Amino acid sequence: MDELALEMQSNMDKTIANLEEQFKTLRTGRASSSVLDRIECDYYGDRIPVNQISSISIPEPRQILIKPYDRNDVRAIVEAISKSDLGINPINDGNQIRLVFPPLTEERRKDLVKTAKKYAEDSKVAIRNIRRDYLELLKASDEYSDDLKKRIEADIQKVTEDTNKKVELVFKDKEVEIMTI
């Protein structure tokens with residue numbers, strides 16, 4: 001495989017990694033500290049992720065316990081979680097915050113699958129854009145013969161198809177995780 005196709009594959013692999021990170025933020029039936037990764041709170045005038053100013057533990061399968069390093073940050077963390085799209089009301093225990101995850105309803109599970117599907121489709125669009133960019137780069141290049149360009153185009157198409165299959169596999173795994181009680 002040509003180095004152009006290998007470079008493109010590396011960029012597409014980053015798209016898959018990004019999709020997996022997005023999937024981690026979807027709330028499933030089990031508590032996971034990764035749902036807090038994108039939640040930022042006000043920290044002395046700056047926006048800081050909750051996981052950088054507190055310790056996060058999972059004492060029970062459906063519960064997250066957040067212990068801020070500075071107890072003065074409890075109010076800011078509660079406010080940030082309340083404003084987020086988690087759909088969970090934080091419980092302020094004074095020095096720590098509890099998040100109790102209720103079991104997901106069938107309707108909520110279907111909504112989460114739709115969101116996961118949207119993330120997967122966005123990844124496929126990104127993959128097509130990467131393919132388009134590399135094909136344009138290849139066509140604009142004078143360092144390859146026509147025969148070699150055709151072989152590289154075939155490699156690019158194969159890498160694109162393989163990456164799209166990976167996106168589908170990652171999505172199917174997440175769908176099963178969401179729909180399983």
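User: Why is Phe23 called buried?

Analyst: Phe23 has a relative accessible area of 4%, and buried means under 20%, exposed over 50% and partly exposed in between, computed with a 1.4 Å probe on protein chains only, so Phe23 counts as buried. This is a predicted model, in which local features need pLDDT of at least 70 and side-chain atom pairs count only at pLDDT 80 or more, while totals for chains, interfaces and linings use all residues. Residues are numbered from 1 along each chain as its sequence is written, and side-chain values use heavy atoms, with hydrogens and water left out.

User: What makes Phe23 and Tyr119 an aromatic pair, and which kind of pair is it?

Analyst: Rings of Phe, Tyr and Trp (its six-membered ring) pair if their centres lie within 6.5 Å, and planes under 30 degrees apart count as stacked, over 60 as edge-to-face and the rest as tilted. The centres of Phe23 and Tyr119 are 6.4 Å apart with 35° between the planes, and the pair is accordingly tilted. Phe23 lies in helix α1 (residues 3–24) and Tyr119 in helix α3 (residues 106–140), 96 residues apart, and the pair thus links distant parts of the chain; helices here are DSSP runs of H or I with at least four residues, strands are runs of E with at least two, and both are numbered from the N terminus.

User: What makes a set of residues a nonpolar core, and which residues have the most contacts inside the largest one?

Analyst: A nonpolar core is a set of buried Ala, Val, Leu, Ile, Met, Phe, Trp, Tyr and Cys residues joined through side-chain atoms within 4.5 Å. The largest has 26 residues, and those with the most contacts inside it are Met8, Phe23, Leu26 and Ile156. Helices α1, α3 and α4 (146–179) each supply at least two of its residues, and the largest share, nine residues, comes from α3.

User: How do you know that Ser54 is buried?

Analyst: Its relative accessible area is 2%, so Ser54 falls in the buried class. Ser54 is found in strand β3 (residues 54–60).
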